[in-house]
Amino acid sequence: MFVNHLGLLYKLATFITPPIIILSFLVGMQPLGFRELSLPLCRIKKWNVPDSLQNKQPVLIERSPVGCCQDDISCFDELADKKALITSIDRSLQYLQTSRAIATYQKYPVTGITRDRVIKSLTRFRQLLLKSKSAKELHQAIEKEFVYYQSVGKDQKGTVLFTAYYEPLYLASRIPTDEFRYPVYRLPPDINSWPQPHPTRLELEGADGLQGTKGKLRGLELFWFRDRLEPYMIQIQGSARLQLTDGTDTTIGYAGNTGYNYKSIGRELANDGKLPLQGMTMPIILDYFQQHPPELNIYIHRDPSFVFFQENHGAPAQGSINVPLTTERSIATDNSLMPPGALALIRAPFPFVQANGEMEHQIVSRYVLDQDTGGAIKGAGRVDYFLGTGKIAGERAGVTVSNGQLYYLLLKP
């Protein structure tokens, strides 16, 4: 779902992977500012990969836990949702018992990080989490018992670009009507026998998104939507929760795709001089198409990739390790480099809705579980953060783009 010095955001899935796929048509977004916390050394320098460890070969560098500066409240995860964190841990432990996890960790490239060690680390962290009476007490216990494996990031100094994704909530219909005309589609049962290369988005659904019944998509319609942009947004996020016109609710999730590289329509808008590349955000792009709806027929089909879905009957959005994602406790990374299911600590500025309705960015530290991936989350310098379901989650995700750090927490050998 996903680079210059300050961050170019593009999110995509270029091949068939389990849900959630991580895509986006946002490009050129600049990390947003954040409020002052303490001395610059406490705010930034000490969280980076130490100079003595830079330019080492591993993508994850073992180091001591980062000590907290006095009055730096961003150092601690306040654990306001401890129950959700425990749930997310239990889901990772469930994954780690599978044959898939066993096979994955047999090939995991970072020395010292094994499935057994990840399981023991999660189990011990869970025990400490349950008995700790404060965030500070938990942090102190981690300093004693755990080591950090820090991502070298995109610059070998630990700088990681953070973006966010969410589960949209839309009104939809099980049957086509004059109002609900734009479908999402099931995975074709014969897709493996389709000639290569597969048809592009334009060839599958036409420039107006209404020609699917004339070709390979005929009979595969799953749900219909009023707005052309809504099915496309679902393809970007990889899942959706639907309120249906018959009064019922359901969910849909990723089932597969056509294998094309995603092409950013945000960048296409910038290339055509319609929007400036610098400072582009999802709200800006959405506002542009709301003001110029005919141009959807120009830009959407420039992205040749195409995503298929399945109905999940209310089940929550799932990550690539086939466990439900947990709001603000699940992340997506490059699963060829990072340990799936493992416990991590992220630190970066994220947007929060204030009492007056305005969005304010605050540096926070959060314990999270690595439970998802995406075709475009490549390298050690990318993390996508799951923000939950619905409008507010979408608004927050749309303005999340910032530099921070990523650490994996493992028990000392």
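Predicted model: local features only at pLDDT ≥ 70, side-chain atom pairs only at ≥ 80, totals over all residues.
Strand 13 has pairing partners, and they run in opposite senses relative to it. Strand 3, residues 160-167, runs parallel to strand 13 and is joined to it by six bridges, with T163 standing opposite D384 of strand 13. Strand 10, residues 330-332, pairs with strand 13 in the antiparallel sense over two bridges, and here I331 has Y385 of strand 13 as its bridge partner.

Another part of the model holds an open sheet of four strands, arranged in the order 4-7-8-9 with mixed pairing. At its edges stand strand 4 (169-172) and strand 9 (307-311), and because each of these has a single partner strand, one side of each is left without a neighbour in the sheet. Averaged over the sheet and with direction ignored, neighbouring strands are turned by 40 degrees against each other.

Within this sheet, strand 8, which spans residues 249-257, runs antiparallel to strand 9 and is joined to it by five bridges.

The side chain of R228 makes a polar contact with the side chain of E205, at 3.3 Å. When neighbours within four places in sequence are left aside, the residues in contact with R228 are Y182, E205, G206, A207, D208, G209, L296, N297 and I300.

## Salt bridges across the chain

How many salt bridges does a search of the whole structure find? The search finds 21 salt bridges, and R366 takes part in more than one of those described here. With the side chain of D81, R366 forms a salt bridge of 3.5 Å from N to O. This pair links distant parts of the chain, for R366 is in strand 12 (residues 359-372) and D81 is in the loop between strand 1 (60-63) and helix 2 (82-96), 285 residues apart. The relative accessibility of R366 is 12%, so R366 counts as buried, whereas D81, at 21%, counts as partly exposed.

The side chain of R366 also meets that of E328 in a salt bridge, with 3.8 Å from N to O. Since R366 lies in strand 12 and E328 in the loop between strand 9 and strand 10, the pair ties together parts that are 38 residues apart in sequence. Both R366 and E328 are buried. Salt bridges that share partners join D77, D81, E328, R329, R366 and R396 into one network.

A further salt bridge is formed by D272 and R302, whose closest N and O atoms are 2.9 Å apart. This pair also links distant parts of the chain, with D272 in the loop between helix 8 (265-271) and helix 9 (282-291), and R302 in the loop between helix 10 (296-299) and strand 9, 30 residues apart. D272 is partly exposed at 37% relative accessibility, and R302 is likewise partly exposed, with a relative accessible area of 27%.

## The disulfide

A search of the whole structure finds one disulfide, which joins C68 to C75 with an S to S distance of 1.9 Å. The link of C68 and C75 is left-handed, with -70 degrees about the S-S bond.

Terms used
Residues numbered from 1 in each chain as written. Heavy atoms only, no water. Polar contact = N/O pair within 3.5 Å; in protein donor to acceptor, adjacent residues only side chain to side chain. Contact = heavy atoms within 4.5 Å. Disulfide = S-S within 2.5 Å. Pairing = 2+ DSSP bridges. Axes fitted to C-alpha atoms, helices over the stretch in contact; angles between N-to-C directions. Salt bridge = Lys/Arg side-chain N within 4 Å of Asp/Glu carboxyl O. Buried < 20%, exposed > 50% of the residue type's maximum accessible area, 1.4 Å probe, protein only.
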